[in-house]
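My entries follow in the order in which I looked.

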Amino acid sequence: MSAHRALHVIGSPAAAPAGPHVVFCSHCAKPPAGGVAPEVGSRVCASCGLGLLLEAPEALAPKPRDAFLVVDRSLAVQGLSKRAEKLLGLREIDALDQRVTDLLVPADAEAAGPHHLSALLVEAASGADEVTEAVVRPADEFGVRFAARIGPCGPTPGALVVLDLG
Amino acid sequence: MCTKACMVAQTCPELVLFWTEMRTLKTSEAAAMLNVSANTLRAWERRFDYPKPQRTAGKHRVYVHGEVAALRDALRDGLSISSAVSRARESLRSDTHILVGALASFEPERADGALEAALAMRSVERTVEEVLLPSMAELARRAGTDSAAWAIGSRWATDWLRRAQRMTPPPARPGAILIGDATGDELDAEAPLVRALELFVGRTGIRVASVPVARHSGVADLLRALQPGAVLIAGRSASDEAVARFAYAVRAAGGSLPLALFSRGPEEESPTSTLLHLPLSVSEATAQALALLDGAPARAGGTVLFTERSNS
């Protein structure tokens, strides 16, 4: 009799403490010069000119070329990074105000359905100062899944979903 | 310095709104207001089509102050440029909601105020195309053109457009266009659209005259006085027979002037028709009507928007 590795349930990833906040562009994810947003003047990214400077916990903030989405408290998409546009085949302007669950759905067998993802997002957009993880897939695709980091971003309260493309 | 605007305001204060200077910004001023570079502004124009500059006679970009201000406010607490642009657009669209609400509530004074506010943010042409005409369409959809709201609203709109036309500077360039008004009466669903066409053509600096197609008696005298380079038939209420009689009278007196139809169906042109169909956008129709004066085929974006067909 061959020995089968026993399947076992692993616990949900624990929420990580948020840590210090960093600033990045909502389109290209690059940080501003000096790493801080200017106290006066424009929040527009000086590098690409197509995104606004947002802040998020360091453990969550995307790196340049990361795919990520910005969602408001009503779970409507408010921003899509350049990489996310390519990944989801959707322009930011077309994704605007769509429900995030129309674009991404949970792909985690352990997750408690779509409500779990929505709950994480609402919690993040409400300012919960922690970073959680989930497994998601594009709503119209099967066989593809991404680990996603979810947490708060600002200065206007929102939730940030950073997709780990591996 | 006393401007024509202030002279008008003194003699006719209720018309002052037409002389409200739409505040515009040069590219450098708009960029400074938003704290971005001129290149970024042009990148936004390409990606978001906003803020959408107009062009001066020298082809320089000028931005409407209201559009830039709305974007500046939206950028303060946006989560992306797209969402800020969307909110800025929405804040400009609210003028339409206010105008429809005022007209549906039989409050012409509030409607005047709504249009005055819209004029501060836009050119006269854009105010008409983006606020007044969509509001009238919405009013017709909501209340119906047989309603009291439409009767009051339509009269208000055509009065406004006629006053705007009276305030148009005198013709400053050669050329004239005769409009054969094929709407039924002042409460016709298309009356505001046709009045808007008259206004837009007049504001290009050429002469324009409008006469109901049913009143073709003495049209020869009108043609001698106006010497139009083209004739537009606008509206769909008059019968084909009435339009044909008008067209015959015009051609008999004025020769083979180019004739075009505006807002007059059917959508599918008859293969035997020699008439040109102008687009429903008043500004595009105006541009194509001017092209008729130049004898050039009217084009938009490199595409021929109407075709001339022969009887043969």
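**Chain B, overall.** I began with chain B, which has 12 helices and 10 strands, where helices (H or I, at least four residues) and strands (E, at least two) are DSSP runs numbered from the N terminus. I note that this is a predicted model, in which local features need pLDDT of at least 70 and side-chain atom pairs count only at pLDDT 80 or more, while totals for chains, interfaces and linings use all residues. Residues are numbered from 1 along each chain as its sequence is written, and chains are lettered from A and ligands numbered from 1 in the order in which they are written.

I looked up burial next: of the 312 residues in chain B, 39% are buried, a residue being buried if 20 or more other C-beta atoms lie within 10 Å of its own, exposed if 12 or fewer, and partly exposed in between, with C-beta atoms placed from the backbone. Among contacts in chain B between residues at least 6 apart in sequence, 69% join residues at least 24 apart; two residues are in contact if their C-beta atoms, placed from the backbone, lie within 7 Å.

**Chain A, overall.** Chain A has 3 helices and 9 strands, and along the sequence I read the pattern β-β-β-β-β-α-α-β-α-β-β-β. Buried residues account for 37% of its 166 residues, and 53% of the contacts in chain A between residues at least 6 apart in sequence join residues at least 24 apart.

**Where the chains touch.** How many residues does each chain give to the contact? I found 19 residues from chain A and 17 residues from chain B. On the side of chain A that touches chain B, the elements giving two or more residues are β5 (77-80) and α2 (92-95) of chain A. The residues of that side divide into 7 nonpolar, 9 polar and 3 charged, with Ala, Val, Leu, Ile, Met, Phe, Trp, Tyr, Cys and Pro counted as nonpolar, Asp, Glu, Lys and Arg as charged, and the others, Gly among them, as polar.

**The largest nonpolar core.** In soluble globular proteins, nonpolar side chains tend to be buried together. A nonpolar core here is a set of buried Ala, Val, Leu, Ile, Met, Phe, Trp, Tyr and Cys residues joined through C-beta atoms within 7 Å. Which of the 125 residues in the largest nonpolar core touch the most other members? They are V161(A), L197(B), L232(B), A260(B) and A289(B). Helix α5 (residues 81-104) of chain B supplies the largest share of this core, 9 residues, and the core draws at least three residues from each of domain 1 (4-161) and domain 2 (171-304) of chain B, the bounds coming from an automatic or database domain assignment.

I then followed A289(B): leaving aside neighbours within four places in sequence, A289(B) is in contact with I177(B), V201(B), A230(B), L232(B), A260(B) and L278(B).

**A helix pair in chain B.** Helices α8 (residues 148-166) and α9 (residues 191-203) of chain B pack at an angle of about 10°, with their axes 9 Å apart. That makes α8(B) roughly parallel to α9(B), a label for angles under 35 degrees. The residues of this contact divide into 7 nonpolar, 4 polar and 3 charged; among them are S154(B), A157(B) and L161(B) in α8(B), and P192(B), R195(B) and L199(B) in α9(B).

**D164(A).** This residue is found in strand β9 (residues 158-164) of chain A. Buried or exposed? D164(A) counts as exposed, because it has 12 C-beta neighbours inside 10 Å. D164(A) and D66(A) are 98 residues apart in sequence, yet 7.5 Å apart in space, C-alpha to C-alpha.

Most residues other than glycine have a negative phi, and most peptide bonds are trans. I noted a cis peptide bond between G154(A) and P155(A), with omega about 15°; P155(A) is found in the loop between β8 (146-153) and β9 of chain A. The peptide bond from Y50(B) to P51(B) is also cis, with omega near -10°.

L75(A), not a glycine, has a positive phi of about 70° and counts as partly exposed, with 17 C-beta neighbours inside 10 Å. Q227(B) has a positive phi near 50° and lies in the loop between α10 (219-226) and β6 (230-234) of chain B.

Key: Axes fitted to C-alpha atoms, helices over the stretch in contact; angles between N-to-C directions. Parallel < 35°, antiparallel > 145°, perpendicular 65-115°, else oblique.
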